[in-house]
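Please read it alongside the sequence and the coordinates.

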Amino acid sequence: MKSAMSPRTASLAAGLLALPLALAACGGGGTTTASAHPGSSFGADSATITNRYLPITKFDRCVLTGKDGSQRLRVVRVLQPRKKRFTVGGETVRTAVVRDSVTDLRSGQLIEKTIDYFAADRAGTVYYFGEDVSEYHNGRLVGHSGQWRVGRDVSRPGVLMPAHPQVGETFFAERIPGVAVEHDRVVASDLTRRIGGRTYHGVIRIREHATTPKPAEFELKTYAPGTGVITEANGGLKLLRCR
């Protein structure tokens, strides 16, 4: 769920997984890292994601609308009934599956569709296992850029949301050489935001710094406890509703 045009692809560097999943913070500049030890990191309920700032499986359908740069977009996120299995360090992990559809509101045409895969470890950290991407132009499929999966393109899932995010905490959301590299930081907490006629308290803000693909860019997103993402694209895209 990286953004409306390119929902977050998240991964850490390739390599064999040897350590337990951990959330490591060093003062204000801590770094969340992801690795896995077979049988000790993900439980049987890994596809049930209840992280208070990203409760992916709480809702069947969420809609965001607004501007991303010069585009006016509508993003519809739908939780799928199926689960997808991945093998990480010899451990089979069940993931939740979410379909994102992005429509250009000016033309009324679908411009991107992704299928994303998520799981939570026993501590509550949310990980991203990959995405299948379909890009459209004038109603025609034109490409699949940015798609990846754990086990095929990289060996580790990326950190999508720490179990207990703290201001100053940093983590790699993406680290796939030549595809996507993104380093994120929690930059604010305990915010109050009013979106779509509803007031949210205890909101956190995360700054995403993507350096691949070029050009490098920053994006701010806000997340509300019990709801998840409420704004993307530096506030241009806002949550309309979830159910």
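This is a predicted model: local features need pLDDT of at least 70, side-chain atom pairs count only at pLDDT 80 or more; totals for chains, interfaces and linings use all residues.

A nonpolar core is a set of buried Ala, Val, Leu, Ile, Met, Phe, Trp, Tyr and Cys residues joined through side-chain atoms within 4.5 Å.

**Nonpolar cores**

The largest nonpolar core comprises 34 residues, and Ile56, Phe129, Met161 and Tyr223 have the most contacts inside it. Two or more residues of this core come from each of strand 4 (71-88), strand 5 (91-104), strand 6 (109-120), strand 7 (126-137), strand 10 (158-161), strand 11 (170-176) and strand 13 (198-212). The most is given by strand 6, which supplies 5 residues. In soluble globular proteins, nonpolar side chains tend to be buried together.

**The disulfide**

The structure holds 1 disulfide. Cys62 and Cys242 are its partners, with an S to S distance of 2.0 Å. The link of Cys62 and Cys242 is right-handed, with 115° about the S-S bond. Because Cys62 belongs to strand 3 (residues 61-68) and Cys242 to strand 16 (residues 237-242), the pair ties together parts that are 180 residues apart in sequence.

| Residue | Relative accessible area | Class |
|---|---|---|
| Cys62 | 14% | buried |
| Cys242 | 24% | partly exposed |
| Val186 | 1% | buried |

Cys62 is classed as buried because its 14% relative accessible area falls under the 20% cut-off.

**The surroundings of Val186**

Val186 is part of strand 12 (residues 180-195). Beyond residues up to four places away in sequence, Val186 touches Pro165, Gln166, Val167, Gly168, Glu169, Phe171, Arg205 and Ile206. Arg207 is 21 residues from Val186 in sequence, and their C-alpha atoms are 6.4 Å apart in space. With a relative accessible area of 1%, Val186 is buried.

**Confidence**

The mean pLDDT of the protein is 85, and 84% of the residues score at least 70. Over residues 3-29, where pLDDT stays under 50, the model has 120 contacts beyond four places in sequence. Residues 32-40, also with pLDDT under 50, have 41 such contacts in the model.

Conventions
Residues are numbered from 1 along each chain as its sequence is written. Side-chain values use heavy atoms; hydrogens and water are left out. Helices (H or I, at least four residues) and strands (E, at least two) are DSSP runs, numbered from the N terminus. Buried means under 20% relative accessible area, exposed over 50%, partly exposed in between (1.4 Å probe, protein chains only). Contact means heavy atoms within 4.5 Å. A disulfide is a pair of cysteine sulfur atoms within 2.5 Å. pLDDT is the predictor's confidence in each residue, from 0 to 100.
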